[in-house]
Amino acid sequence: MTRTVVFDLDGTLVDTAPDLIAALNFVLAREGLAPVPVKTARNMIGAGARKLIERGLEAEGRVTSVEDVNRLTKNFIDYYADHIADASRPFEGLEAALDDLAAQGCRFAVCTNKLEWLSKRLLDKLGLSGRFAAICGADTFGVSKPDPIILQQTVARAGGDIGATIMVGDAGPDVGVARRAGVPVIGVEFGYTDVPIAELKPDRLIGHMRELPAAVDGLRKAVSQA
């Protein structure tokens, strides 16, 4: 059975922090607020644009209405869409790892809490979209990680089987969605998370994309022997 490897996007496939933080600070500056330091803001990423805005406002001690958050989120998305790949780049070793896994017969998909159209725009600009059989976001099925439906439907859209799937991610929502869907999960140590990924106990842990093919192969063998 062809194995499907499903990736989170921000902090897993692509180092998007520079452009996300720039967009966040652009919005905050328009509100007369100080920028959030990059080191602090990196760990705010991963739950979608709205949550990033809310966390950025919380960091500034700002309490705002739902209407204000809606407005700021729209402003953020408008700015971010125009600057989505100014500084964002795939993590080192990604494309070589995908080549190795493709040679093993794997197919790939993206399951992210980013909006689908933004995800596709980013991957298009980085020349990566063609690598993935499906690119699904928080708005694709009306649910976001860790709801297992988003992972199950992403795999189905990619033409895969949930029983032959491995999730790769950098944070709690990725581990959570994998556990709820009954899928093994590989955690990456170079992403964005306020809780160290090792503490979330993924089935495998990697510190560089060059380690991904061996981790996938190890999980495949472990599942086949279970």
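## Burial and overall form

In this predicted model, 49% of the 226 residues of the protein chain count as buried. The radius of gyration is 17 Å, which agrees with the value near 17 Å that a compact globule with 226 residues would have. Along the principal axes, the C-alpha atoms fill a box of roughly 55 × 35 × 30 Å.

The protein chain holds 9 helices and 8 strands. Take the contacts between residues at least 6 apart in sequence: 66% of them join residues at least 24 apart.

## The sheet

Let's turn to the strands. An open sheet is built from 6 strands in the order β5-β4-β1-β6-β7-β8, and the pairing is parallel. The edges are taken by β5 (134-136) and β8 (204-206); each has a single partner strand, so one side of each is left without a neighbour in the sheet. On average, and with direction ignored, neighbouring strands here are turned by 20° against each other.

V110 has I135 in β5 as its bridge partner. Strands of a sheet pair through backbone hydrogen bonds, either parallel or antiparallel.

## Nonpolar cores

The largest nonpolar core has 55 residues, and the members that touch the most others are F7, F76, F132, I186 and L212. Helix α1 (residues 17-30) gives the largest share of this core, with 7 residues. Apart from it lies another core, of 17 residues, including A134, I150, A178 and V183.

Leaving aside residues up to four places away in sequence, F7 touches T12, L13, L98, F108, A109, V110, C111, F132, M167, V168 and L212. Two of these contacts, F108 and F132, also join F7 in one aromatic cluster.

## Aromatic pairs

Across the whole structure, a search finds 6 aromatic pairs. One of them is stacked: F26 and Y79 lie 4.1 Å apart centre to centre, with 15° between the planes. This pair links distant parts of the chain, since F26 sits in helix α1 and Y79 in helix α4 (residues 66-82), 53 residues apart.

Conventions
Residues numbered from 1 in each chain as written. Predicted model: local features only at pLDDT ≥ 70, side-chain atom pairs only at ≥ 80, totals over all residues. Heavy atoms only, no water. Core = buried A, V, L, I, M, F, W, Y, C linked by side-chain atoms within 4.5 Å. Buried < 20%, exposed > 50% of the residue type's maximum accessible area, 1.4 Å probe, protein only. Helix = DSSP H or I, 4+ residues; strand = E, 2+ residues; numbered from the N terminus. Contact = heavy atoms within 4.5 Å. Pairing = 2+ DSSP bridges. Axes fitted to C-alpha atoms, helices over the stretch in contact; angles between N-to-C directions. Phe/Tyr/Trp six-rings, centres within 6.5 Å; stacked < 30°, edge-to-face > 60°. Rg over C-alpha atoms; globule rule 2.2 N^0.38 Å.
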